[in-house]
Amino acid sequence: MTNADVLKKIEEEDIKIVDIRFIDLIGTWQHFSIPAHALDEDVFEEGLGFDGSSIRGWKSIDESDMLVIPDASTSFIDPFTEEKTLNIICDIVDPITKESYQRHPRSVAKKAEEYLKSTGIADTAYFGPELEFFIFDDVKYEVESNTAYYKVDSMEGIWNSAANEDPNLGYKVRHKEGYFPVPPTDSLQDLRTEMVLELEKAGIEVEAHHHEVATAGQAEIDVRFAPLSLQADNVLKYKYIVKNVALMFGKTVTFMPKPLSGDNGTGMHTHQSLWKDGKPLFAGNGYAGMSEIGLYYIGGILKHGKALAAFTNPTVNSYKRLVPGFEAPINLAYSSRNRSAAVRIPMYSPSPKAKRIEVRFPDPTANPYLAFSAMLMAGLDGIINKIDPGEPLDKNIYDLPPEELAKVEKAPANLEEALDALENDYEFLLRGDVFTEDIIKAWIDYKRENEVKYINSIPNPAEFQLYWDI
């Protein structure tokens with residue numbers, strides 16, 4: 001959709017409000033709104049001003065003026081507003097230099113795609129994330145100096161098997177048995193269908209939806225692969241639509257990787273492949289039908305896996321999911337079909353166009369622009385330096401004897417380790433000025449100061465259970 005198309009749409013569909021959206025460093029959509037009549041060609045060219053110092057991880061107050069530049073191709077009608085509203089995703093530029101703001105994650109994704117083309121290796125990187133999430137009926141939490149607790153609830157939760165629900169009909173999802181029974185055990189079919197319909201209205205092509213493994217409303221809606229920047233835009237649209245459809249049904253959605261103990265967490269398995277001149281580059285005669293380029297790409301992902309985790313698994317809660325026993329890949333290995341490996345080569349179809357890799361450790365708290373770009377840069381580093389991924393691990397990794405398991409590299413055990421790994425391994429991200437040292441340092445500093453330090457200072461309720469009587 002062009003600028004002219006958007007202006008025509010506003011007139012023809014009697015749109016009242018245009019919502020201006022952009023993403024902060026951490027990964028949350030921010031917005032402000034203008035009357036539809038205020039959007040014209042000048043706004044598309046010159047932008048709108050705002051205070052960048054109030055956005056997490058961005059400008060200091062002495063250099064706070066910034067501009068948003070609407071990207072007409074991203075516009076979609078908001079299905080949740082009372083007055084007809086058109087949402088538009090924007091880029092951020094410096095008002096003086098007119099250059100893209102280097103801490104704006106969307107600019108990183110665009111530079112990653114430009115760098116890919118400049119290498120001559122490929123012209124398109126396709127990404128297909130599988131976002132999982134939980135749908136709850138109620139959530140409560142509190143953190144004070146003398147108390148800290150949370151409680152989530154769902155009619156599906158196995159813990160409600162004896163609850164007084166007037167009447168309790170007994171259709172509860174047992175732990176690790178949510179994949180995937182039909183209704184009435186799966187109570188969220190209609191809700192997920194409504195989410196799918198709204199996603200498709202927003203231009204996101206959906207492939208499937210289903211209940212996921214965990215109890216208590218764990219869900220997944222799979223979207224079709226798309227180029228890197230477009231898919232990152234889609235992830236933000238996806239989260240917005242899923243959360244607001246749930247709200248309309250009186251429910252709440254969380255993309256936290258581990259909101260429940262004792263059951264599977266929430267991941268964002270990310271399928272990816274490189275193409276050139278309309279032809280797939282990962283299909284070949286090597287292991288699992290992979291090309292040499294595809295295997296080198298895997299080598300780059302595995303080599304830089306610990307550093308990548310700082311972007312792909314960017315929260316303290318992310319590492320509550322990356323523990324043995326819950327399908328989460330904590331070992332940096334690759335395999336065909338084996339879902340216990342960090343990188344899997346799906347074997348659903350013999351078509352060369354379907355040949356791709358699936359990186360299984362990311363989760364949906366990731367900022368998609370940064371996470372997708374970082375994985376692409378790691379894969380390209382593997383291709384450029386011909387990094388051998390080693391031998392595949394076609395076994396159940398969790399059943400390996402200790403001496404064999406010790407030889408397999410592990411993902412970071414916590415966010416601190418991931419940030420340390422990124423601090424010591426980020427040169428591959430700097431190629432083509434895709435990432436800058438400034439944004440990497442800003443990311444590390446923000447995460448350490450606002451998340452790691454904060455959570456490390458708070459007693460955990462489980463510590464009282466363990467240590468009160470010592």
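Modeller: Just after helix α9, Lys386 takes a positive phi of about 50°. The model is predicted, so local features need pLDDT of at least 70 and side-chain atom pairs count only at pLDDT 80 or more, while totals for chains, interfaces and linings use all residues. Residues are numbered from 1 along each chain as its sequence is written, and side-chain values use heavy atoms, with hydrogens and water left out.

Helix α9 itself covers residues 368–384; helices (H or I, at least four residues) and strands (E, at least two) are DSSP runs, numbered from the N terminus. The 17 residues of α9 should span 24 Å at 1.5 Å a residue, and the end C-alpha atoms are 24 Å apart, which agrees. That expected span is 1.5 Å times one less than the number of residues.

At the start of α9, the backbone nitrogen of Tyr369 has a side-chain oxygen of Asn367 within 3.2 Å. The helix is mostly covered, with 16 of its 17 residues buried, that is, under 20% relative accessible area with a 1.4 Å probe and protein chains only.

As for the whole, the chain holds 14 helices and 18 strands. Of its 470 residues, 53% count as buried. Its C-alpha atoms fill a box of roughly 65 × 60 × 50 Å along the principal axes. The radius of gyration is 23 Å, which agrees with the value near 23 Å for a compact globule of 470 residues; this radius is taken over C-alpha atoms, and the globule rule is 2.2 Å times the number of residues to the power 0.38.

How values were computed: Buried means under 20% relative accessible area, exposed over 50%, partly exposed in between (1.4 Å probe, protein chains only). A polar contact is a pair of N or O atoms within 3.5 Å; within protein, one must be able to donate a hydrogen and the other to accept it, and residues adjacent in sequence count only if both atoms are side-chain atoms.
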